[in-house]
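Subject: Structure handover

Hello,

Please find the structure we discussed below. My notes on it come after.

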Amino acid sequence: MLLEVNNVSGGYGHKKIIKNVSCKADKGEILCLLGPNGCGKTTLFRMILGILPLSSGNIMLDGKDLSSLSQRERANLIAYIPQSHTPSFSYSVLDVVLMGRAAFISSLKTPGSKDMEAAKNALNLLHILHLADRKYTDLSGGQRQLVLIARAICQSSKILVLDEPAASLDYANQQLLINVISDLAKKGFCIIMSTHSPEHPASIGDKTLLLKEGQVAAFGSSDEVITNDNLKMVYGIEIDVVNVTDRYGNKRTICLPVQKTSKLS
């Protein structure tokens with residue numbers, strides 16, 4: 001199992017945000033973290049990345065306790081893709097992706113041929129090699145997100161952690177990104193992503209961790225977790241989970257907020 005979160009608790013100072021949370025994900029799986037603002041998704045991410053210490057429980061990465069790993073060992077196992085990123089300088093796309101090789105390059109050396117090959121392979125995997133010489137700051141939001149994913153792939157990590165990757169993208173780029181994430185899982189990456197949309201885990205998530213006030217409201221297969229009752233429990237509104245088939249025969253799940261309407265006499 002690539003990621004195991006076992007009865008983890010913790011937070012900031014004496015304030016406990018995460019309370020006895022457990023979940024797991026393996027190679028080729030997409031684990032979605034879902035819940036309202038303030039439920040603890042970002043805090044749990046920081047724990048999984050080793051940025052925030054645990055007050056109890058443990059986190060295992062590929063069978064090794066996170067607390068026993070050096071920074072370089074962690075980088076070889078897990079990579080983080082933020083919502084957005086604007087560098088101080090106008091780096092080229094290739095330079096941004098090469099930053100993913102930092103754990104493999106000493107401070108006195110420049111990227112070598114193997115590093116360059118890894119960066120180009122990552123760009124090619126996402127079908128954006130043609131952007132290699134473009135300025136990163138000139139790209140659209142969707143293109144930047146793909147470049148950040150390429151940088152994480154270039155890091156050679158087995159686990160990719162994405163923090164609300166579709167949050168600032170338009171509808172078309174959201175769909176593009178979701179397709180890319182699904183393809184990466186098929187290629188063997190373990191994907192951990194947070195989202196505000198229950199349709200994301202319902203459509204592509206193998207597993208869903210539903211959080212409420214820092215605790216596990218539900219965890220399991222997305223079909224089991226994304227239900228009318230669970231979503232109402234967490235969000236406090238009625239939501240219908242509807243399964244549909246699109247024009248090409250693909251099964252999709254749509255989550256619709258609903259309410260009773262009073263009839264006028």
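Predicted model: local features only at pLDDT ≥ 70, side-chain atom pairs only at ≥ 80, totals over all residues.

Residues are numbered from 1 along each chain as its sequence is written, and side-chain values use heavy atoms, with hydrogens and water left out.

Helices (H or I, at least four residues) and strands (E, at least two) are DSSP runs numbered from the N terminus. Two strands pair if DSSP finds at least two bridges between them.

An open sheet of 4 strands has the order 2-1-4-5, with antiparallel pairing. Strand 2 (15-25) and strand 5 (64-65) are at the edges with a single partner strand each, so one side of each has no neighbour in the sheet. Helix 1 (residues 41-48) packs on the sheet and touches strand 1, strand 2 and strand 4; contact means heavy atoms within 4.5 Å. The direction of helix 1 makes about 115 degrees with that of strand 1 (axes are lines fitted to C-alpha atoms, for helices over the stretch in contact, and angles run from 0 to 180 degrees between N-to-C directions).

Strand 1 (residues 3-12) is joined to strand 4 (residues 56-61) by 5 bridges, and asparagine 6 has asparagine 58 as its bridge partner in strand 4. Between strand 1 and strand 2 there are 7 bridges. These two strands form a hairpin with 2 residues between them, and glycine 13 in the turn has a positive phi of about 65 degrees.

The other hairpin

Strand 11 (residues 239-245) and strand 12 (residues 251-257) pair antiparallel over 7 bridges. Their hairpin has 5 residues between the strands, with glycine 249 in the turn at a positive phi of about 90 degrees.

Buried means under 20% relative accessible area, with a 1.4 Å probe and protein chains only. The cover over these buried residues includes helix 3 (93-98), helix 4 (113-125) and helix 6 (171-186).

Glutamine 155 lies in the loop between helix 5 (141-154) and strand 7 (159-163). Glutamine 155 is buried, at a relative accessible area of 17%. Leaving out residues up to four places away in sequence, glutamine 155 touches Ala75, Ile78, Ala79, Gly100 and Phe104.

Regards

Technical notes
Buried < 20%, exposed > 50% of the residue type's maximum accessible area, 1.4 Å probe, protein only.
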